[in-house]
Amino acid sequence: MMRLAVAALVLAACGTAVDERPRNLDYITEAILAPSCGAAVCHSSFRQADGLVFDTVDNARNTFQNDPQLIGFDEGDPTKTPGLVLNLTIEQAGAPRMPYDQPLPDADVELIEDWLKHGAPGVCNGVRACLGNFTVGCTTARFFDKYTELGAYDLNDLKPANNCGAQNKVCMAGVCQ
Amino acid sequence: MRRATLAIVVVLGWLCTDAHAYPQFQLSRDQMCTSCHLSPAGGGLLNENGLATAEMMSQLGHAPEFFYGKVPTPKWLTLGGDVRGAAGYLQTPTKSLVGIPMQIEGYGSAKFDTVTIHANVGARASTVGNEAATYVWSREHYLMWQAKPRDNDGVYVRLGRFMPVYGLRLAEHPAYVRRYGGTPLYADTYALHGAFVSQRFEAHVTGFIKDPLIDVVDHSSGGMVYGEFRPNEVTLVGIEGMVKRTVDDTKFGGGVIGKRLLGSKLLVQAELQYVSQVITKSSLNKADGNPLQLIGYVLASYFPKDWLMIDVGLGHYDSNIRTRLLDRDCIDLNIHWFVDSHIELIFTNRYEMLSFGQGGPSGAYSLMQLHYRL
């Protein structure tokens, strides 16, 4: 028994120092959100606590699309922290830090933050940014062009992200809407 | 306000449970789960020997039958139920005092020679937005065929809704080998289970599908195999394997199990699982860096008295051994006091660390749980 336990600890220490895990919705959901947040009586299809569901890629996508402040940055303040990161890192008024039953590793939270900084690839099915006032607008969408090498976008949809001008306009597939 | 509501709901729903047995009693009380339980997987309703054991190992005794034997049932019908609740302190790392209604379930099992009809009904955490239709459910209902209806061994076949058979089958669903292994809480689903049970050897094969009728916890379909061999009365070794497939991923898992009774008062059991998770490829996800997971649990159970069981468990879970600082370890201390044939008090505690403190905040809980078996 002890040998097995020691072997497990040794294996656990063998990971790479640089986090090379993919930054896309499929991976984030299946590797982090579903096992940690989509548990039985929390954000599963079974329970749907607070209307948020993270147990499948489609359900996570719907959740983020319906509540874009979870993943989006304020257009006027690109550094504003998305709600999802706030929920995972700090205790807020009347609400505990999530997940409520056991903490999430910092490395997972950092991966989620990094994914969001890359425009949350996958949430909008190849579209660079989500709809809504809190999502990345066209002026800031340029920032994300340099991340296209991550395979986050359909290259056929990539067109110059011109400045859309008026607030609340969003950029879908490089075209102002 | 919205987030405050979330906190309360999670607290109320967390740590719910189902009707798992105590695998601590295998070897320490008897060899097979079916020695005490009607189900070939263990858990749930007790047979005559199970009732006698419940009385013998409780401090105050009392009639172990359904409602203390005050509600007589015909010989072919077995009734039962479980009521559980817990309260205590949680720090993950938010510090909270919590009260947790865990389980209210009733069971019925009607046996007609080789065929048994089993069903339960109980309260559940309802689905937000569909509360009226989801307060009550039947977590288990199945038809069972037993080749030797008057014995506790032989061939069993079950068809219906139940938990697939895999691993140690610990009652405590926060145990990593359950939560991150193949059988998290409420993973019961429609399945076909074949089992062969004997004093020395038993094997279980389960094929299951995603429940098509309700919004589920576990979206997978697949299969599980589990086998255990008892070379003598104090030793058990087992192996297991599983494939679970959803639209989004496929998990291939395997593991080993060991159990050993040391003297008459100390039992040590362990399970180690290895899981390869293959996330479905898409234009977005190139399936690089698929998680390779390691899940382990070692549990030592000490029985200083018949009515007292002290569990000390060590758990390890690494959600991806390819990446550093994702592993977590816990130490559990659970003290079970079997007050009478129906009442159990459990003082349950956990301290959990992420990469031994380097991976994030540590967590802990300390809860007092009351369990009443009808």
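Where in α2(A) does a kink of about 25 degrees lie? The kink lies at A31(A), shortly before the proline P35(A); the bend at a residue is taken as the angle between axes fitted to the seven residues ending there and the seven starting there. The structure is a predicted model, in which local features need pLDDT of at least 70, side-chain atom pairs count only at pLDDT 80 or more, and totals for chains, interfaces and linings use all residues. Residues are numbered from 1 along each chain as its sequence is written, while chains are lettered from A and ligands numbered from 1 in the order in which they are written.

The model scores ipTM 0.91 and pTM 0.86. In chain B the mean pLDDT (the predictor's confidence in each residue, from 0 to 100) is 93, and 94% of the residues reach 70 or more. Residues 1–10 of chain B stay under 50 in pLDDT, and the model has 17 contacts for them beyond four places in sequence. A contact is counted where the C-beta atoms of two residues, placed from the backbone, lie within 7 Å. Where pLDDT is low, the predicted coordinates should not be read in detail.

Chain A contains six helices and two strands, in the order α-α-α-α-α-α-β-β from the N terminus. Helices (H or I, at least four residues) and strands (E, at least two) are DSSP runs, numbered from the N terminus. Of the 177 residues in chain A, 50% are buried. A residue is called buried if 20 or more other C-beta atoms lie within 10 Å of its own, exposed if 12 or fewer, and partly exposed in between, with C-beta atoms placed from the backbone. Among contacts in chain A between residues at least 6 apart in sequence, 56% join residues at least 24 apart.

Helix α2(A) has 13 residues, and its end C-alpha atoms are only 14 Å apart, short of the 18 Å that a straight helix would reach at 1.5 Å a residue; the expected span is 1.5 Å times one less than the number of residues. In α2(A), 13 of 13 residues are buried.

Leaving out residues up to four places away in sequence, F54(A) touches T29(A), L33(A), A34(A) and C37(A), among others.

In chain B, strand β5(B) has a covered face of Y142(B), M144(B) and Q146(B), and an uncovered one of H141(B), L143(B) and W145(B). Strands β3 (residues 115–123) and β5(B) run antiparallel and are joined by five bridges, with A119(B) partnered by H141(B); pairing requires at least two bridges found by DSSP. Six bridges join β5(B) to β6(B), also an antiparallel pair, in which L143(B) is partnered by L159(B). The loop between β5 and β6 of chain B holds N152(B). N152(B) counts as buried because 21 other C-beta atoms lie within 10 Å. Residues up to four places away in sequence aside, N152(B) touches M32(B), T34(B) and S35(B).
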